[in-house]
Each structure stands twice: as C-alpha cells, then as structure tokens.
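Please keep the model open while reading.

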Amino acid sequence: MTLTLLASAAPTPSGTDAQLIIAALVGIVVIVGLITWLKVHPFLALLLGAVGVGIGAGLAPGDAVTSFGAGFGSTMTSVGILIGLGAMFGKLLSDSGGADRIVDTLISRASPRALPWVMALIGALIGLPMFFEVGLVLLIPVIVLVARRSGLPLMRIAIPALAGLSAMHALVPPHPGPLLAVSTVGADLGLTLGLGVLVAIPTVIVAGPLFSKLAAKWAPVPVPDLFVSKEEDGGEGTRRRPTFLNALIGILLPVVLMLARSVREAALPAATGAWVDLLEFLGTPMVALTVAVLYAMVFYARAGGMDRAAVSKTLGSSLPDVAGILLIVGAGGGFKQVLIDTGIGTVIGDAVSESGISVLLVAWFVAALVRVATGSATVATVTAAGIMAPLAEGMSTPEASLLVLAIGAGSVFLSHVNDAGFWLIKEYLGTTVGQNLKTWGLMECVLSVTALAGVMIVDVFI
C-alpha cells in the first residue's frame, strides 16, 4: 500500500507565479543559511523557512503555521512510527551481538583478495537495518581490525564498507530519508525497497571495491592504533551471541514481507482470499517492522543472553538517538505541505515539465545542491522531495519509486567539511582533510552518480 501524506485544507494563496517562485527560492536560501552559517538545528531552520515561504507566497501567517503543522503531523503518522521501530530493531541487533556475529562469520570465510567485496557486503548488511551513524560506529572497529590482520591497505577495507553503508542509507527504506521521500511523493514502499536494492548492488560495487583501488593509492595511510587491546584480549569472542542465520533472518524478515506484498500486488492484482489478506497485513511497513522487532526481542535477546530488563533498557535507549531525526523528518513534511498549499510545488512542477529535462535528473540535482550546501543527506532529501512531490501525481507507481531513488542518490553527493560524518571518518581513519576528500568525499560522488545512472537505466526498461 502506498504511503501518502494527507493534504491539509488551506486557502488558495493570492501570490502570482513569480511571487511563488521567489518565495520558494528565498525560503531555501534561508534554510541553507541558517544551517550552514548560523549553525541552527535543521528542525528549527526548516520550521522557520517553511512558515516564511508560506507567508511570502501569500498565505496568512496563521494559515502558514496550520499548513506546516498538518504536514508535520501526517508525516509523523506515516514515517515517524517506522523510524522508531527501525531504531529499536537496530539497537537490539547491536546489543545482542548479532551484528558482531554477522561480521565475524563473513570475515572468517573470506580470503584477503575477497575481503574488499566482503566488507562491502558487511557494510550493506549492517546498513540495512541501522542508521548511518550507528552503523558507522559499529563498522569502524571492524575496518581497523580487518585491515590490521589482513595486511591490506586501510582504504581497500574502509571504502567498500563505507560504500555499502552509505548506499543503504541513501536508497533503501526503512532509513529516514527514503521513507520520507516515499511518503512525500506517494510511492510504493515495497517496490521502492526492491528497486533500491537493485540499484544499490552495482552502485556499491563501483563505489566500493573498484574505487577503493584508487583510494588506496591516493591515501596510503597507516592503520590507526585503535582497538589494539580489544584485539589482543580476543575481543568479545566468549560472549553469547545469536547465530549467523538467526541474525540474518531478523534483518531480512521485514524486507521479505514488504517485497512479498508488492510482488503479489504486481503479479496477482485480482487475487482474493485469506492468504491475500494475511500478506497485505504482514507486508504493511509498520506491521513488517513490528514483526522484526518482536523477533529480535525473542530470538536475539535469548541467544545474546539478555534478560527482560536488558531488553527493556535496549528498547528505551534506542529512541533518544533518533529524536533529532524524527523532528527533522517531520519538519520536512511540514515544509512539503506548505509548498503544496501555496501552489509553489505545482508552479515548479509545471516549469520542469515544460523544460523537457528529465524529472529524475532534476530531482537528483536539487537534492545534490542542498546536500553540498548543508552537509545533511536528510535535509537534502526532505527538501527535494517536497519540491518534486507535485510531479509525482501523474507518474506510474514504478516511476514514483525511481523518483525517490533519484532524490536519495543526490542526497549523498560530495561529503565535505560541513558534514559531521566527514569529520567523524577523518578522525577515526587518521587521514588529512585532503586525503579524506580524495577518498570518502569522492567516494560519495562516485556513489551518487553511479546510483543516478542506475536509476536512469532502470527507467528505460519499466
């Protein structure tokens, strides 16, 4: 079932097309300036910018606030619940030792030559259920220890893992960015997930194992002296952990449920019966993620030696980490609703349609522009999705999903000095600013452009 945002009943603004365009451009500049120059939190910047756009476009101040609130509320209804469930599952996977089990199992079966490819797979698997920052913290010790033990250059190990993690973050729900874009443009979540995985596979290969050969030459940095004592002490090998199969089932469970529902709707649209009703229910994103959380509470916790108190603590501690993300995503929904209620989105959509330029290319460019300006993939996604939403109304279901993926691809273009992740990776890996730009920063560019190329190719065949 397609996730949709409920449109609020707002009065028709009195502004001309020129006034609407100017209001939108000024609003975006204000949002970018508040985030980059004044260092205002993106939630507050989006709120101020959205209300300002509404007033500038001709809405009464009270109507602009009402429009923002309606968009915020409907976004939290459709997306906020999923983000909370995803955070709970990721925390259970981490605290139970399931993530460690997946990593150790894959690495123990890989030759040095295959390690870059295995690290890309590990990054993707860890990135599928976890937020970028959480996945990064989990991956860094693995990257350092594998590089030290294998003797391979640090970048041959780090870049593939980071590419897998970043691709999942940009292209595959239930990450906040893709989730919001799905909801905003009215795309089908299951189909977007399936196409996202399809596009992510070649994207990770190009930006990960292949690009890492160049990155290793451009930044021949030594393996940092981190986690040495943990390695010498044998790490956490004696700790009870879920089996590899147990951990993998939990990660893939919501993916399979959502994809099964979408496949049924595409292949057997007229089918009826109890099994169809059951598949529809289990494939609903909220239900699928809830099933995954319940699975983790039972099977991850039991295998990881967690009692009920530990499970409760893990679930509770998972939510504060995503509070800021929830507010940003909700504000993005509010910003989108203001664009719709003022008519700005329709004006921009008409201009793009008449220009003859591919909607997918425009969506990628807008997201990339905001990403470079603000350093935030989430802000880039919510801004671009709000602007492109009116264009999705006449699109087919597959085209709407590709629009989401084009936005996601643009949202990770060029990580540089205004991105917190840039500095986190620089400090962990011990690179200079220049080396980090030539490795992590350029890898994001390669990933973004490759993903866009994948989206455009898929568009030709559907």
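## Packing of α3 and α13

The axes of α3 and helix α13 (residues 285–303) cross at roughly 20 degrees and come within 9 Å. Axes here are lines fitted to C-alpha atoms, for helices over the stretch in contact, and angles run from 0 to 180 degrees between N-to-C directions. Helices (H or I, at least four residues) are DSSP runs, numbered from the N terminus. α3 and α13 are therefore roughly parallel to each other. Angles under 35 degrees count as roughly parallel, over 145 as roughly antiparallel, 65 to 115 as roughly perpendicular and the rest as oblique. The crossing of α3 and α13 is left-handed. That label applies if the near helix is turned anticlockwise from the far one by less than a right angle, and right-handed applies if clockwise.

The model is predicted: local features need pLDDT of at least 70, side-chain atom pairs count only at pLDDT 80 or more, and totals for chains, interfaces and linings use all residues. Residues are numbered from 1 along each chain as its sequence is written, and side-chain values use heavy atoms, with hydrogens and water left out.

## Packing of α7 and α9

Two packed helices are described by the angle between their axes and the distance between the axes. For helix α7 (residues 154–171) and helix α9 (residues 189–218), the angle is about 155 degrees and the axes are 8 Å apart. α7 and α9 are therefore roughly antiparallel to each other. Their crossing is right-handed. The residues of the contact of α7 with α9 divide into 15 nonpolar, five polar and two charged. In this scheme Ala, Val, Leu, Ile, Met, Phe, Trp, Tyr, Cys and Pro count as nonpolar, Asp, Glu, Lys and Arg as charged, and the others, Gly among them, as polar.

## Helix α5

Helix α5 spans residues 115–127 and has 13 residues. From its first C-alpha to its last it reaches 18 Å, close to the 18 Å expected at 1.5 Å a residue. The expected span is 1.5 Å times one less than the number of residues.

How many of the 13 residues of α5 are buried? The count is 11, so α5 is largely enclosed by the rest of the structure. Buried means under 20% relative accessible area, exposed over 50%, partly exposed in between (1.4 Å probe, protein chains only). Among the buried residues are L115, P116, V118, M119 and A120. I122, G123 and A124 are buried too, as are L125, I126 and G127.

## Salt bridges

The structure holds six salt bridges. The criterion is a side-chain nitrogen of Lys or Arg within 4 Å of a carboxyl oxygen of Asp or Glu. An α-helix has 3.6 residues a turn, so residues three or four places apart point the same way. D95 is partly exposed at 24% relative accessibility, and K91 is partly exposed at 26%.

R241 and D104 meet at 2.7 Å, N to O. R241 sits in the loop between α10 (228–232) and α11 (244–267), while D104 is in helix α4 (residues 98–108), 137 residues apart. R241 counts as buried at 13% relative accessibility, whereas D104 counts as partly exposed at 39%.

E444 pairs with R371, with the closest N and O atoms 3.3 Å apart. E444 lies in helix α21 (residues 433–461) and R371 in helix α17 (residues 359–374), so the pair ties together parts that are 73 residues apart in sequence. E444 is buried at 2% relative accessible area, and R371 is buried at 3%. R261, R264 and E280 are linked in a network of salt bridges.

## Buried residues and their contacts

V144 lies in helix α6 (residues 132–150). Its relative accessible area is 0%, so V144 counts as buried. V144 and L429 are 285 residues apart in sequence, yet 8.1 Å apart in space, C-alpha to C-alpha.

G330 belongs to helix α15 (residues 323–342) and is buried at 0% relative accessibility. I387 is in helix α18 (residues 377–388) and is buried at 8%. I387 and V366 are 21 residues apart in sequence and 8.6 Å apart in space, C-alpha to C-alpha.

Methods
Helices (H or I, at least four residues) and strands (E, at least two) are DSSP runs, numbered from the N terminus.
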